[in-house]
Each structure stands twice: as structure tokens, then as C-alpha cells.
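Reader: Hi, could you walk me through this one? I'd like to go chain by chain and ask things as they come up.

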Amino acid sequence: MKILKFLRSMTFGVILLALIVACSLVGSIVLQGMETAYYQEQYGSGSGVILALGFDHIFSTLYFVILLALLGLNLILCSLSRFRATMKAAKNSVERAGRIESGTEISGKKTDRLEEFLKDRHFKQTKLDGVTVYSKNRLGHYGSFVTHLSILLVMIFAGAALYSAVTEDYTIVSGESVTLEDGTKIRINEFHLADETGRLDYISDITITAKDGSEKSDTISVNYPLSFGGHKYYQQSYSVQGSMTIRNPENGAMDDITLDETCFLSVTDDVGIMYVGCYPAYETDEEGKVSLLESGTYEKPIYQIAIQDGEDMKSGVITPGETLECGGIYFTFNEPVKSAGIRVKTISGVLMGLLYLAFGLMIAGLWLCFFHAPVYVTVRPGKYAVSGPKSNVGLQTQIDLLLSDKEE
Amino acid sequence: MMNVLLFGSLAVYFVAIVLQFSSSIFKKEKLKSAAWWVLIVAFAFHTAFIVVRGIVAKRLPLSNQFEFATAFAWGVSLLYIFVHLRFKIDWIGNFAIPAAFLLFSYAALVTPREITEMMPALRSAWFGLHIGAAVFSYASFAISACMGIRYLWQCKKGADETSAAMKQIDYLSYRMIAFGFLMLTVVILSGCVWAEQAWSTFWSWDPKETWALITWIMYAIYLHQRLRKKWQGKRMAWFAVIAIICVLFTFAGVNLLLPGLHSYA
């Protein structure tokens, strides 16, 4: 029984909260989910302790999960034990206020003024045996209970949502499609790096063909995912790759290739083109010197290359549409290929709905707790008393001012 | 125009501080009244600056450290004005006006002031609610810390903790924390919904999220401890003062020292 009492106590809850804070502190200071080598390099001999205690993935360690589970248990026990008391307190609150004998003495004239003041503030009047009780915000009795219940629900639904969600990332080139395991087909009709006003944005024109054959075409961008056919589609990232057509006029062979990292396209061992990278834009100064820009919407893309001819190597830049001849092979640089990084998430809509409902409940609970606290004013001949489960300094001050001689 | 409003507002805040302290030292009602009206002028300039910046930027001016710090300082001033008018207390100005001035100075002198285009991740319907609630939450915690300092100062001067004046400070500090806590809950929960829309997951233990949670738990502990009789008064005042360090770290420290998904904030 003593253990049960401790498990549901506020002391235990506060201890758990303090331990969760300690874990969160560690988790925010120690970078999470890195390779072992990173911790060894960063913390030297201390890395052993970090890895042994799981500080590298503290939020998924067993002890952290146990802490959360214990907090959940504390909330359940505390809510259960207080539920009856809360109901009783709410039910009998007016009668209890009516039994308050002590209070501040006031004259008859001031009593009238007080009662008028309370009526103006929409206090509910209940006449008991020789006593009048003015009550307000009785729903506030449930504030603490609703808040604790909602925290518990948030923990349950958030945990379920985090662990049941299945996410997969796909990189899809504009104009191409991928098929998911369940048969859903995602096609990126076009990926844009700017919105209609030219402002930087990440937008995919997407067509989803669900497993039952139904189809939906829409636009997705950051903050605006698409839900269809049991999945949710997010604009997660993007990549831009260089594109080139290689042609050998001797045998008529032709090939289109995409380039995403620095590479040497050899014609012979020491002749060929070095692809360095593709840049979103460039600027040309008065002397004709070209500067490459690292960011932009690829409105004015440019390739950085180097041509090797034996021991001779020349660096330069080339724009899409231009062709280079090297060792009898023709390299035509095309417009860069844009790919959209699409995240597909599968999660129960009901679960997310319940989670958001719990969020709303938490806000409502806190509001009831702090801004809708029940308050009772017991008025009996020659006396009045302010009571309630929470401190009523605000109301008491107002009444003091109202009844002060200065006011009179 | 914006620089005139920015530095003009800072200068007027400074004058308000001088007048406020002078009124406390020399106990002159006229100085007290002057400090109040000068503060109102500073607040009007401050508000005008935020409005003009929003018009020029064509968006809510809350998207980077400068804009948030400016709004944070504005929130402190606004809550001070509210407390002053609602509860007829003027001593809070001794702490709140310097707090607003320091925050605004940090924004004006330390953080980059250029108007930049809002990044795609911030273009969401949740932006105003999430950041707006953060402004009021942090400002409430700052005011409660000011009240905590006042409480401790009065204790040091030998004030009776059972007196009505001390009880009022303690109560108002608690009310500010309760409001800040509610607002911080709105910040965290709206952030969760927004993160689910933008990044597909409502919680990723990003440093800013983690520190917002740490701050939330700190104040949750405060609100629970307050229910114990022995924790009222001085201990709670200390708590309110110390907890503001946590808020300031969440606001600025995380951005400087612990980069993550919120590094632009």
C-alpha cells in the first residue's frame, strides 16, 4: 500500500520529471545517432562511458522508455485516485462553501454592494439555510484531472504514432515514377525550385496511382503534403544532377548519362573530360570572369569541367546546350536533371486524430486549471468569505477595493 | 525609417529606465508618472517598428533571431503595461523596462537585422500561432522572473512574507507562470502539428524541441511544487528567477550552441 501511495504521489511524479529533464539535457548536448568513431574522436576516453550508458541514443534507451512508462503509471494512479475526490468536490462544493462559518465582517450596505458586484460578474447565486453562496467556474474542478489525463493520452498516442509510423524516402527524377511495395505508383511530373512568383520553394507536381487504380494529381511542397490511398506524401528534399549526351560520330553510338559527383569521362587513358559539378547560377564581371553561385533555383545553370589532353589540363565552365569535342568524341551538356526527394509515410489517420484530440484536451485542461478556477463567495449576515481550491488573491483584491472606505 | 523607429524606441526606453529609477530613488510621483508615459511612447515606437518591418517584409516579422528578440522585448513591455494597469503596481517597471531594453538592445546590436526572404519551411499557417505563442510565453516567464527578483529583494530588506503586498507579488508571479506555461504548451503542441506537416514527424528530439520540453517540465515542476506549502514564497521566487535562464537558453543559447532543425530561429 505504501508503494502504491508513493507511485501515485506528486513527489514521485516530480522525481520522474527531473530525471527526464536530466536525460533530455544529455540528449541535447551529446549529438544523437552518430557512428562510434565520432564519439571516440569527440570525447576521447570519455566515449566509453557515453556509449556504455547509451548517451548516443538516449531517447530510445530502455531506461528512458522506463522513465516515461513510470510517468505514465504515476499519471494513471494519480488520476484514478483523484477522480472520485474531484467528482465529490465538484458536486458538493456549494454546500461546502455554505458551511464556512469564518469570514470578513461587513456592514449591510457593503453586503448589498458585494452581492451586486458578484451578480455583475455572472456568479451563480444559490440560497442555502440562511446563507447565500455565489459560485463561478465550477467546471474548473476538472481542470487538473483533464490535464493529467490528456498528458497520459498524449504519451500513449504519441508513442504509438512514433513507433507505428512507416516512412520511406524515394528520389524520383522529373518525368519518372516509382512503384511502392503495395503497388502504389508515384510519378513526379515536374519538380520546381521556385513558386510562380520566382520565390525559392520546393514543389513537385505529383501523380499518385493507388493500388485500386484510383489516381490523384496534385502539387506538394514543404508544409503541404498530400494524403491519398492510405499514404501521406511529403516534399522532403531535392537533388540536381548534371546531364550529358555523349556521341561517337565514327560508329554512331550515343548515350545519355547523369552525373551526381566528380568523375573523369575518359576517351583514352589520358584524354577526356573531368566533370567537377553543376552550379545553380553564375555571374560574369566586366572583364568576363565567371563566378559560380552555390545557391539558386537553377535558372541559369552552369557546369564546371576540366579537359585533359595528355599532360595538358584546362579548367573551364560550359552552359547547357553547348558541345565539346575531345579525342573525337562529342560531349553535349544538357539542362540539369532535377529529382524530388519524396517521403512516403504510412500511419493510421485515427491514431493521429486521437493524438490531436489529446493535444486539444491538454490546452482545455490547462485553461480550466489556471483560468477557470472555481471560486465561491459565501455571504451570511454581517460576514463574507472567499473560498475555492485555488488561491483567489485576484478576486479578493477586487473585493477589498470594492469594500474599502476609500471606495465608499 | 525603420532605423529611426528602432533606435528611437531604444533611446526612449533608456529615458524611461532613467526616469523609473529616479522615481524609485527620489520617491517623486511626478517622475513615476513621467516614466510611465515615456514607456508608453517607447512601446508605441516599438510597435510601429514591428508593424513597419512586417509591411516592408510582407510577412509576420517573427522569422529570425532579430525579429523574435524584438517581439520578445515587445511582449515584455506589453505584459508590463497590462500588469501595471490591471493590478495598479508600478515597481514592476524597475525590472520589466530594463528587461525589455536589454532584449531589444540584443536584437538591435547583436543579431543581423537584414530583412530576408522567409524560407519555405516557415511558410505555414501554423507560423503565427507557434511563434506568437512563444513571444507571450517567454515574455510571461520574463515578467515572473522580474517579480521573483522583486520578492527576493523585498525579503532581503526584511519584508514580512505574510504581508498582503508580498502575497500579491507571489500570486502575480504564479499567474504569469501559469499563463506562460499555457502559452508554452500551445507552442509545443502547435509545433508538433506543424512539424508533422513539414517534416513528417511531430517530434524528432531536435535541440530546440528538447529545450522547449525541458523548459515546460521545469515550469511543470514549479506549478506542482507550489501546491506544497513549504515551497511557496521565497523558494518559488528563486525558482522563477533560475528558470528564466532555461527560457533564455531555449531562446538564444540553443541557436548558438546546439544547431538543429530550428537553427534559423
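Reader: To start, among contacts in chain B between residues at least 6 apart in sequence, what share join residues at least 24 apart?

Author: That share is 78%. Two residues are in contact here if their C-beta atoms, placed from the backbone, lie within 7 Å. Before we go on, this is a predicted model, in which local features need pLDDT of at least 70 and side-chain atom pairs count only at pLDDT 80 or more, while totals for chains, interfaces and linings use all residues. Residues are numbered from 1 along each chain as its sequence is written, and chains are lettered from A and ligands numbered from 1 in the order in which they are written.

Reader: Thanks! How many helices and strands are there in chain B?

Author: Chain B has eight helices and zero strands, so its pattern along the sequence reads α-α-α-α-α-α-α-α; helices (H or I, at least four residues) and strands (E, at least two) are DSSP runs, numbered from the N terminus.

Reader: What percentage of chain B counts as buried?

Author: Of its 265 residues, 48%. Buried means that 20 or more other C-beta atoms lie within 10 Å of the residue's own; 12 or fewer makes it exposed, and anything in between partly exposed, with C-beta atoms placed from the backbone.

Reader: Which residues touch the most other members of the largest nonpolar core?

Author: Those are F72(B), V76(B) and I143(B), in a core of 121 residues. Helix α6 of chain B (residues 164-199) gives the largest share of this core, 19 residues. A nonpolar core here is a set of buried Ala, Val, Leu, Ile, Met, Phe, Trp, Tyr and Cys residues joined through C-beta atoms within 7 Å. Apart from it lies another core, of twelve residues, including I220(A) and Y233(A).

Reader: What is V76(B) in contact with, leaving aside neighbours within four places in sequence?

Author: V76(B) has contacts with A96(B), A99(B), A100(B), L103(B), A139(B), A142(B) and I143(B).

Reader: Switching to domains, how is chain B divided?

Author: The domain assignment gives domain 1 (1-112) and domain 2 (121-265); such bounds come from an automatic or database domain assignment. The centres of these two domains of chain B, taken over C-alpha atoms, are separated by 20 Å. In the contact between them, 19 residues of domain 1 of chain B meet 20 residues of domain 2 of chain B. On the domain 1 side, α3(B) provides the largest share, ten residues. That side divides into 15 nonpolar, four polar and no charged residues. For those classes, Ala, Val, Leu, Ile, Met, Phe, Trp, Tyr, Cys and Pro count as nonpolar, Asp, Glu, Lys and Arg as charged, and the others, Gly among them, as polar.

Reader: How far apart do the C-alpha centres of domain 1 and domain 2 of chain A lie?

Author: They lie 75 Å apart. In chain A, domain 1 is 99-137 + 373-408 and domain 2 is 173-346.

Reader: How many residues of chain A are in contact with chain B?

Author: 36 residues of chain A are in contact with 32 residues of chain B. On the chain A side, α2(A) gives the largest share, eleven residues. The residues of that side are 23 nonpolar, nine polar and four charged.

Reader: Now Y142(A): buried or exposed?

Author: Y142(A) counts as buried because it has 21 C-beta neighbours inside 10 Å. Y142(A) lies in the loop between β3 (131-136) and α7 (143-164) of chain A. Not counting residues up to four places away in sequence, Y142(A) touches T86(A), A90(A) and L368(A).

Reader: Last one, what about the phi of K27(B)?

Author: K27(B) has a positive phi of about 50 degrees although it is not a glycine. Most residues other than glycine have a negative phi. K27(B) sits in the loop between α1 (2-26) and α2 (29-57) of chain B, and counts as exposed because it has 9 C-beta neighbours inside 10 Å.
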